[in-house]
Amino acid sequence: MAEHPAIIGFRWSHAQSWGSTWPFLVSFLASYALFAVALHLLLRLLRLKPLPLGPLPALHSLAMALASAAIFLGLLLSSAAEIRDTRWYWRGRARTTPLQWLLCFPLGTRPSGRVFFWSYAFYLSRFLHLLRTFINILRRRRCALAAVFRHSAFVCMSFLWLEFSQSFQVVAILSATLAQTIVFGYRFWVGVGLPAASRSGALLVLACQVALTGSNLVCHLGFLLLHFAKGGCNGIGAWVFNSVLNAALLFLFVDFYVKEEVRRKTGEILEDDTGSDQHHHSA
């Protein structure tokens with residue numbers, strides 16, 4: 001996971017890496033959004049009942065949990081190897097500390113090597129994650145535009161991390177994959193019929209989301225301090241754009257939970273991902 005030649009020699013290339021061009025990104029996300037909306041409208045027009053998908057949702061959760069766990073472990077080991085090998089230095093400055101390296105890549109960093117291999121794996125896993133949208137539409141005949149935007153934003157952000165060798169991505173990927181391993185592992189647990197408390201899933205997802213948001217906020221502040229103290233971090237333009245997307249996602253997250261709490265207090269029951277009558281919370 002850190003010493004294989006394919007991992008060490010990885011290079012983000014428009015000619016060799018699948019999905020690495022801007023036309024592909026724009027056309028794919030546009031097609032994804034249009035198809036999701038069209039499928040939702042078709043099901044509403046036909047007034048079909050939620051379609052039974054059998055073990056597909058549980059298998060998707062298992063695939064996401066395993067992929068996230070592999071990326072988390074691979075990136076963790078690769079980061080340790082990069083720090084050990086002292087591959088990246090600040091030009092003309094003292095040796096970079098591990099914390100500085102995790103938050104702030106030196107100017108001129110290229111998207112190649114161990115870390116960017118796992119960043120590319122995370123980017124590819126976003127396409128697997130998009131299947132969740134269609135699973136939810138088929139089972140609940142509901143197309144949440146907020147969910148389509150959220151999933152598209154994650155694909156776009158992970159693309160920018162690679163395209164501009166953006167700083168901060170190591171911490172972001174580690175925290176995201178750790179949270180996803182827990183959440184999708186729990187969804188698989190429930191999906192195969194294993195016992196779980198009625199509200200534990202909602203609390204677990206909320207706890208992961210709050211922890212992820214809090215850690216990212218602290219790391220963003222650390223990144224800004226390093227950017228101005230060290231004379232610049234690589235990919236600051238992409239970081240600004242990603243920060244805007246993160247702010248929009250945070251707004252959607254807060255808005256969802258406020259509305260969900262209002263519904264809970266008024267006694268409205270929503271259907272969760274397992275199809276049982278529980279209060280639904282999405283990650």
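What separates tyrosine 123 and phenylalanine 127 in helix α5? The two residues are 4 residues apart in helix α5 (residues 114-129), which means that about one helical turn lies between them.

The model is predicted, with local features needing pLDDT of at least 70 and side-chain atom pairs counted only at pLDDT 80 or more, while totals for chains, interfaces and linings use all residues. Numbering starts from 1 along each chain as its sequence is written, and side-chain values use heavy atoms, with hydrogens and water left out.

View 1. Tyrosine 123 and phenylalanine 127 form an edge-to-face pair, 5.2 Å centre to centre with 80° between the planes. Tyrosine 123 is buried at a relative accessible area of 0%, and phenylalanine 127 is also buried, at 13% (buried is under 20%, exposed over 50%, partly exposed in between, with a 1.4 Å probe and protein chains only).

**View 2. Arginine charges over phenylalanine rings.** The charged end of arginine 126 sits over the ring of phenylalanine 122, 4.4 Å from its centre, and that of arginine 187 sits over the ring of phenylalanine 184, 5.2 Å from the centre. The criterion is NZ of Lys or CZ of Arg within 6 Å of the ring centre and within 35 degrees of the ring normal.

**View 3. Leucine 46 in helix α2.** Leucine 46 belongs to helix α2, residues 22-46, where helices (H or I, at least four residues) are DSSP runs numbered from the N terminus. Leucine 46 is partly exposed, with a relative accessible area of 49%.

Conventions: Phe/Tyr/Trp six-rings, centres within 6.5 Å; stacked < 30°, edge-to-face > 60°.
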